[in-house]
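Hi,

Here is the structure I said I would pass on.

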Amino acid sequence: MKTPESHSILIAPIGDVDPRLVAAVGREVQRVFRAPPRVNTVLSDLSFAYDAGREQYHSTPILQRLAEAAPSGALRVLAIADVDLFIPILTHVYGEAQLGGTACIVSTHRLNSGPETLRSPEIAVGRVAKEAIHELGHTFNLRHCPDAACIMHYCRSESDVDRKSNDLCRYCRVILDDELRRIATGGGLRR
Ligand SMILES: [Zn+2]
Ligand SMILES: [Zn+2]
């Protein structure tokens with residue numbers, strides 16, 4: 001049985017995350033994925049993912065824990081953390097997602113480290129919201145998009161993030177709408 005609850009996207013703050021940022025991300029989730037956001041704690045202790053040599057947190061095991069701990073009612077789980085995330089092949093990541101899976105994460109650590117984000121809360125919130133939607137897009141099977149204005153464009157720097165729009169290009173929008181339709185008709189049960 002499908003309930004409206006099973007179509008909600010759970011936003012899970014980890015650590016010191018501004019509730020206003022969480023609310024802003026929630027509004028973007030609703031707008032882009034047309035799914036009601038809910039906010040709840042899923043994970044609070046990330047010490048299992050800490051790499052003492054790098055002094056950073058490995059995002060991949062965090063995604064596994066999030067997916068395991070996600071309540072059955074949630075369609076997807078989006079964690080927002082404040083720690084520095086990495087995957088082994090990169091110096092750092094803004095976030096990571098399970099492609100076509102349940103969980104994704106975004107971090108404020110790098111995105112909100114520059115002086116411009118202190119001057120402008122809009123820039124600070126906008127960057128995290130864009131990368132949060134980007135990572136959630138991956139959980140709905142969206143890949144990286146060559147269109148530099150598309151929110152699914154892969155960004156190497158914060159200025160790249162500022163340059164892209166907060167929307168999907170027409171091509172990615174069609175793919176997402178197909179995926180959302182598939183889920184609404186029962187074909188997209190969570191793995
Ligand atoms: Zn990506
Ligand atoms: Zn695109």
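Asp51 sits in strand S3, which covers residues 50–51; helices (H or I, at least four residues) and strands (E, at least two) are DSSP runs, numbered from the N terminus. Bear in mind that this is a predicted model, where local features need pLDDT of at least 70, side-chain atom pairs count only at pLDDT 80 or more, and totals for chains, interfaces and linings use all residues. Residues are numbered from 1 along each chain as its sequence is written, chains are lettered from A and ligands numbered from 1 in the order in which they are written, and side-chain values use heavy atoms, with hydrogens and water left out.

Back to Asp51: its relative accessible area is 27%, so it counts as partly exposed (buried is under 20%, exposed over 50%, partly exposed in between, with a 1.4 Å probe and protein chains only). Leaving aside residues up to four places away in sequence, Asp51 touches Gln56 and Phe86 (contact means heavy atoms within 4.5 Å). The Asp51 side chain also reaches the backbone nitrogen of Gly53 at 2.9 Å.

Gln56 turns up again as the bridge partner of Asp51 in S4. S3 and S4 (residues 56–58) pair in the antiparallel sense over 2 bridges; two strands pair if DSSP finds at least two bridges between them. They belong to an open sheet of 3 strands in the order S3-S4-S6, with mixed pairing. S3 and S6 (85–86) are the edge strands, each pairing on one side only.

Now the pockets. The largest one holds about 380 Å³ of space and is lined by 18 residues, with Leu90, Val93, Gly95, His144 and Tyr154 nearest its centre. (On a 1 Å grid over the protein atoms alone, a pocket is an open set of points where a 1.4 Å probe fits, with protein on both sides within 12 Å along at least five of seven lines; lining residues have an atom within 4 Å of a point. A volume is the space filled by probe spheres set on the points, which are joined across faces, edges and corners.) Helix H5 gives the largest share of that lining, 4 residues.

The second largest pocket has about 220 Å³. Its lining includes Asp16, Arg20, Asn112 and Pro121. H5 again supplies the largest share here, 3 residues, and helix H1 (19–33) gives at least two.

Cheers

Technical notes
Polar contact = N/O pair within 3.5 Å; in protein donor to acceptor, adjacent residues only side chain to side chain.
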